[in-house]
Amino acid sequence: MTEAPSGSPWGPEFDDRRAHAPRPPHHERDREPDLEGPLYTLSKAAWQVVLLTGVASLVLGVLVLVWPGASLFAAGILFGVYLLISGVFQLVSAFGTHKATSLRVLAFISGALSIVLGLFCFRGPMQSILLLALWIGIGWLIRGITQTLAALHDQTMPARGWQIFLGIVTFVAGIVLIDSPFRSVAVLTLVGGIWLVAVGVVEIITAIRMRSRAQQVPTAL
């Protein structure tokens, strides 16, 4: 006597037991993962950018304080590159734009002078540092004069007394920088390094606080 066959004579693809199995609720099956909202994404990226900026400022400040001579040399080289690029653009502007003849001549003279000064920076570190110091000193001198005169002639200027004081200080700083460029630039390098370190520390602390605040922002916002 033979035994009755057990199981289904059909293959597993014809097994309909899964079709009758209980299914999860409709809202659970169709639920999609929460997407990050624009406010949440912005808050998360903001503290990361501030942190990177702070770390970069801190590292740059430490490098400037540890190697002030190399920092001055690098600044002089970058200044020479800036003068060369600026001079080339001014020459292109002089020949390639429909300006008046007088403006073209001025642009050509300014561009040629910038290229000559830029090449002068590459002759040696001392020349580039000297030219950089004189450039900054002349800029401070002109800015101090214009700021002081503007504050003296404008009675309605807000914080007029502080504007006059700042203009005079800028004017005196320009004279000092022109009179002793090398010593003044060395002092500026030291002050700049300390300032970069301070800014880097403050930005890192700010980024840490921003991160704790960003974690409180809902993901869907």
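Q: Why is Ala-150 called partly exposed?
A: Ala-150 has a relative accessibility of 35%. Buried means under 20% relative accessible area, exposed over 50%, and partly exposed in between (1.4 Å probe, protein chains only). Ala-150 therefore counts as partly exposed. The model is predicted: local features need pLDDT of at least 70, side-chain atom pairs count only at pLDDT 80 or more, and totals for chains, interfaces and linings use all residues. Numbering starts from 1 along each chain as its sequence is written, and side-chain values use heavy atoms, leaving out hydrogens and water.

Q: Where does Ala-150 lie, and what separates its C-alpha atom from that of Ile-164?
A: Ala-150 lies in helix α5. A helix here is a DSSP run (H or I, at least four residues), numbered from the N terminus. The two C-alpha atoms are 8.5 Å apart, for residues 14 positions apart along the chain.

Q: What makes Thr-148 buried?
A: Its relative accessibility is 14%, so Thr-148 counts as buried. Thr-148 also belongs to α5, which spans residues 125-153.

Q: Which residues does Thr-148 contact beyond its neighbours within four places in sequence?
A: They are Ile-164, Gly-167 and Ile-168. Contact means heavy atoms within 4.5 Å.

Q: How do you know that α5 and α6 are roughly antiparallel?
A: Helix α6 covers residues 160-179, and its axis crosses that of α5 at roughly 155°. Axes are lines fitted to C-alpha atoms, for helices over the stretch in contact, and angles run from 0 to 180 degrees between N-to-C directions. Under 35 degrees is roughly parallel, over 145 roughly antiparallel, 65 to 115 roughly perpendicular, and the rest oblique. The α5 and α6 pair is therefore roughly antiparallel. The two axes come within 7 Å, and the crossing is left-handed (the near helix is turned anticlockwise from the far one by less than a right angle).

Q: Why is α4 called oblique to α5?
A: α4 and α5 pack at about 135°, with axes 7 Å apart. That angle makes α4 oblique to α5. On the α4 side the contact is made by Leu-117, Phe-120 and Cys-121; on the α5 side, by Gln-127, Ser-128, Leu-131 and Trp-135.

Q: What makes Leu-106 exposed?
A: Its relative accessible area is 55%, so Leu-106 is exposed. Leu-106 is found in α4, residues 101-121. The C-alpha atoms of Leu-106 and Gln-90 are 9.3 Å apart, with 16 residues of separation along the chain.

Q: How many aromatic pairs does the structure hold, and why is the Phe-79 and Trp-135 pair called edge-to-face?
A: There are three aromatic pairs. For Phe-79 and Trp-135, the ring centres lie 5.3 Å apart and the planes stand at 70°, so the pair is edge-to-face. This pair links distant parts of the chain, with Phe-79 in helix α3 (residues 68-96) and Trp-135 in α5, 56 residues apart. Rings of Phe, Tyr and Trp (its six-membered ring) pair if their centres lie within 6.5 Å; planes under 30 degrees apart are stacked, over 60 edge-to-face, the rest tilted. Ring pairs join Phe-79, Tyr-82 and Trp-135 into a cluster.

Q: Buried or exposed: what is Phe-79?
A: At 8% relative accessible area, Phe-79 is buried.

Technical notes:
Helix = DSSP H or I, 4+ residues; strand = E, 2+ residues; numbered from the N terminus.
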